[in-house]
Amino acid sequence: MSYQPKYPDSVHYTGLNRPTHIEATAHDLYVEGTIPHEIDGAFFRALHDPAYVPMREDDVVLSRDGVIGKVEFKGGRVDCGVRYVRTARFLAEREAGRSLFGIYRNPFTDDPSVRGIDRTVANTTPYYHAGRLFMSKEDGLPYRIDPSTLETIGRWDYGGKLRSETLTAHPKIDPATGELFLFGYEAAGLATPTIAYCVVSPDGDLVSEQWFDAPYCAMMHDFAITEDYAIFMVYPTKADLARLRAGGPHWIHEQDGESFIGVMPRYGRTEEMVWIKGPPGVHSYHVMNAYSEGTVVHLDQAMAVTNLIPFIAEQSGIDLRVDGGLSRWTFDVANPDAGISETRIGPFGEMPIVAREDVGRRHGRGWYLSVDPEKITMLANGPGGVVFNMLVRVNFADMSIESFSQGPGIGFNEPVHVPATDPDHGGWLLMMIDRVIVPDHVAQEVWIMEADAIGKGPVAKVLIPFVTCEQVHGAWVPRALLDQARGSNAP
């Protein structure tokens with residue numbers, strides 16, 4: 001009898017992180033309630049599902065192979081599908097029939113046979129621009145996906161124009177101009193402090209790529225734009241090439257390390273960058289939004305007193321404190337020495353979003369996920385063992401908070417906003433729900449909620465006939481944009 005390797009018995013491979021190896025489609029899904037007529041398009045989801053048992057027991061969820069998921073709405077009917085992203089890494093391992101890549105973001109731990117092969121797993125964010133759908137992860141370039149079939153078209157480098165080795169998984173699309181703004185950190189290679197700031201035209205052409213150095217090589221997961229500025233956050237979760245060569249972790253968080261905000265004119269030169277010092281030791285993974293009033297910038301982000309990913313905290317020797325919340329940082333680009341003022345907006349949470357039309361503008365409301373401790377669900381989910389079970393809506397007119405929670409046994413994933421045709425209606429939220437049926441068995445549903453009346457609960461539920469691994473981020477693409485999708489042979 002041949003030896004069959006088993007997945008590690010860790011949070012990264014159990015619960016909602018338990019591998020499924022599913023590629024599937026289903027049509028005419030069962031719906032409870034009535035789907036609003038405005039919901040016509042596709043809800044794309046970035047998932048992660050390892051195709052093979054990892055080389056090492058200490059590998060983590062962030063290394064798992066990317067899977068693109070789709071829940072498509074058309075005329076009140078709903079179909080769904082999931083498919084692995086055929087990255088260079090996935091194809092190399094598929095040919096070998098086993099895992100070939102080592103620990104998270106450390107190529108020095110790989111099998112020698114894959115030296116030089118693109119390591120990204122494209123498992124973080126789907127986004128759609130200029131008729132093209134992409135799956136992205138910040139340690140490499142995105143992969144283009146056919147939005148109809150979910151087949152992988154190939155790695156995307158803007159026709160060879162792009163010099164950066166990486167691009168963010170959190171690009172920003174200006175709602176008025178249709179331009180795409182991106183950046184890549186470690187742009188010049190592993191553990192380099194080099195940042196590439198890129199602007200892509202509404203037609204999908206790379207029109208600007210400028211390089212600059214951050215104060216150090218930091219994990220820069222997200223960034224922000226306003227109508228006037230591009231904003232880069234540098235928090236002290238740091239990479240070190242010598243540590244990587246020795247087989248160590250990519251990231252160590254320095255709790256006493258300095259933090260910085262870099263601000264430059266949105267269409268300016270990187271030489272115009274202004275650096276503003278922030279408080280030591282803090283970290284933020286996701287931005288809700290930013291806007292500017294003259295030279296004063298307001299940046300809303302899910303702040304924490306440290307890096308909240310448990311395995312990074314453990315490797316950094318940090319006593320993890322889940323402390324922080326949605327916060328507004330305000331600073332004046334014309335007076336960087338004045339520093340940053342902070343206003344706490346809402347409780348601890350993650351996955352903040354605004355309506356698409358509000359990106360880079362003053363936003364009247366926003367949404368994010370949090371935890372209701374009275375209904376908490378302990379379930380392996382992402383890099384941690386607790387699922388979000390509360391949806392929070394912020395009214396920025398008076399900074400009031402409305403929340404909706406469920407549980408125990410219910411987990412919420414990042415929602416997407418769908419606008420309504422009625423200008424007096426606030427639109428809808430689509431949110432994938434994980435429901436624990438019995439221990440170790442989960443069902444999934446898409447809930448549809450009124451964006452400005454979340455306390456009412458869902459107006460409709462779409463039952464998903466198979467269970468996938470956990471969602472990272474999602475994107476809504478309306479039917480009108482899907483109809484403009486470029487063919488797989490188009491440049």
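## A walk through a chain of strands

In the protein chain, residues 24 or more positions apart account for 61% of the contacts with a separation of 6 or more, where contact means heavy atoms within 4.5 Å. The model is predicted, so local features need pLDDT of at least 70 and side-chain atom pairs count only at pLDDT 80 or more, while totals for chains, interfaces and linings use all residues. Residues are numbered from 1 along each chain as its sequence is written, and side-chain values use heavy atoms, with hydrogens and water left out.

The overall build comes next. The protein chain contains four helices and 35 strands; these are DSSP runs, with helices being H or I of at least four residues and strands being E of at least two, numbered from the N terminus. For 491 residues, a compact globule would have a radius of gyration near 23 Å, and the 21 Å of the protein chain agrees with that. This radius is taken over C-alpha atoms, and the globule rule is 2.2 Å times the number of residues to the power 0.38. The C-alpha trace spans about 60 × 60 × 50 Å along its principal axes.

Of the 491 residues, 61% are buried. Buried means under 20% relative accessible area, exposed means over 50%, and partly exposed lies in between, using a 1.4 Å probe and protein chains only. The accessible surface of the protein chain comes to about 19,100 Å², and carbon and sulfur atoms hold 50% of it. Such areas come from the Shrake-Rupley method with a 1.4 Å probe; for residues, only the protein chains shown count as cover. The chain carries 43 positive and 65 negative charges, and their mean positions are 4 Å apart. Lys and Arg count as positive and Asp and Glu as negative, while His and the chain ends are not counted. Each charge is placed at NZ of Lys, CZ of Arg, CG of Asp or CD of Glu.

In soluble globular proteins, nonpolar side chains tend to be buried together. A nonpolar core here is a set of buried Ala, Val, Leu, Ile, Met, Phe, Trp, Tyr and Cys residues joined through side-chain atoms within 4.5 Å. The largest such core has 43 residues, and within it Tyr197, Met220 and Phe232 touch the most other members. Several elements each supply at least two residues of this core, among them β12 (194-200), β15 (229-234), β20 (283-293) and α3 (310-315). A second, separate core has 29 residues, including Ile39, Leu47, Val446 and Ala460.

Thr87 sits in the loop between β5 (77-84) and α1 (88-96), and its relative accessible area is 1%, so Thr87 is buried. Beyond its neighbours within four places in sequence, Thr87 is in contact with Thr120, Val121, Ala122 and Tyr143. Tyr158 belongs to the loop between β9 (152-155) and β10 (172-173) and counts as buried because its relative accessibility is 6%. With residues up to four places away set aside, Tyr158 touches Leu167, Leu180, Leu182, Val200, Gly204 and Leu206. Asp358 lies in the loop between β24 (350-353) and β25 (365-370) and is buried, with 14% relative accessibility. Asp358 and Pro175 are 183 residues apart along the chain, yet their C-alpha atoms are separated by 7.4 Å.

Leaving out residues up to four places away in sequence, Leu463 touches Leu29, Tyr30, Glu32, Gln444 and Glu445. The C-alpha atoms of Leu463 and Arg362, 101 residues apart along the chain, are separated by 36 Å.

The backbone also has details to look for. Met351, in strand β24, has phi near 60°, a positive value in a residue other than glycine. Phi of Met399 is also positive and near 60°, and this residue is in the loop between β28 and β29. Met351 is buried at 15% relative accessibility, whereas Met399 is partly exposed at 33%. Finally, the peptide bond from Gly407 to Pro408 is cis, with omega near 0°, and Pro408 lies in the loop between β29 (400-405) and β30 (410-412).
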